[in-house]
Amino acid sequence: MKFPVLAQTIVLLGLSNVFMTFAWYAHLKELSAKPWFVAALVSWGVALFEYLLQVPANRIGFTQFSLAQLKIMQEVITLTVFVPFAVLYMRQPIKLDFLWAGLCVLGAVYFIFR
């Protein structure tokens with residue numbers, strides 16, 4: 001495994017996840033008074049930036065990782081981005097469920113990368 005590929009994949013997937021999380025959930029806070037189609041169009045615009053990062057991340061990562069490994073890596077990054085977003089931006093309470101979900105994902109990491 002070459003470290004630059006791992007680092008590039010993780011950084012690009014991390015950044016794409018920030019955009020994805022905002023595209024999927026920020027409209028619940030910021031655009032709740034607008035019609036759903038306005039929120040959908042704004043979210044679609046934000047999601048474009050996610051794809052501009054996610055597609056190269058997966059192409060780079062696929063040179064060293066299997067499809068299943070890329071997917072599990074994506075899920076770990078998603079949870080890593082989502083929990084702070086939920087707590088800090090959306091003002092959701094911290095739940096023990098976040099820990100249990102994280103442990104399940106770590107189990108998936110173990111089985112996919114062993």
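Q: How do H1 and H2 pack, and at what angle?
A: Two packed helices are described by the angle between their axes and the distance between those axes. In this predicted model, helix H1 (residues 3-30) and helix H2 (residues 36-61) pack at about 165 degrees, with axes 8 Å apart. H1 is therefore roughly antiparallel to H2 (the label for angles over 145 degrees; under 35 is roughly parallel, 65 to 115 roughly perpendicular, the rest oblique). Axes are lines fitted to C-alpha atoms, for helices over the stretch in contact, and angles run from 0 to 180 degrees between N-to-C directions. Helices are DSSP runs of H or I with at least four residues, strands are runs of E with at least two, and both are numbered from the N terminus.

Q: Is the crossing of H1 and H2 left-handed or right-handed?
A: H1 and H2 cross left-handed, meaning the near helix is turned anticlockwise from the far one by less than a right angle; clockwise would be right-handed. Their contact residues divide into 16 nonpolar, 8 polar and 1 charged (nonpolar: Ala, Val, Leu, Ile, Met, Phe, Trp, Tyr, Cys, Pro; charged: Asp, Glu, Lys, Arg; polar: the others, Gly among them).

Q: What about H3 and H4: at what angle do they pack?
A: Helix H3 (67-89) and helix H4 (residues 96-113) also pack at about 165 degrees, with axes 9 Å apart. H3 and H4 are therefore roughly antiparallel to each other, and their crossing is left-handed. The contact (heavy atoms within 4.5 Å) includes Ile72, Val76, Leu79 and Val83 of H3 and Phe98, Val105, Val109 and Ile112 of H4. By class, that contact has 14 nonpolar, 2 polar and 1 charged residues.

Q: Which residues line the largest pocket closest to its centre?
A: The largest pocket has a volume of about 220 Å³. Of its 14 lining residues, Glu50, Gln54, Asn58, Lys71 and Gln74 are the closest to the centre. H1, H2 and H3 each give two or more residues to the lining, and H3 gives the largest share, 6 residues. By class, the lining has 7 nonpolar, 4 polar and 3 charged residues.

Q: And the fold: how many helices and strands are there?
A: The protein has 4 helices and 0 strands, running α-α-α-α from the N terminus on. Its C-alpha trace spans about 50 × 35 × 20 Å along the principal axes.

Q: What should I know about the numbering and the pLDDT limits?
A: Residues are numbered from 1 along each chain as its sequence is written, and side-chain values use heavy atoms, leaving out hydrogens and water. As this is a predicted model, local features need pLDDT of at least 70 and side-chain atom pairs count only at pLDDT 80 or more, while totals for chains, interfaces and linings use all residues.

Technical notes:
On a 1 Å grid over the protein atoms alone, a cavity is a set of points where a 1.4 Å probe fits but cannot get out, and a pocket is an open set with protein on both sides within 12 Å along at least five of seven lines; lining residues have an atom within 4 Å of a point. Grid points are joined across faces, edges and corners, and a volume is the space filled by probe spheres set on the points.
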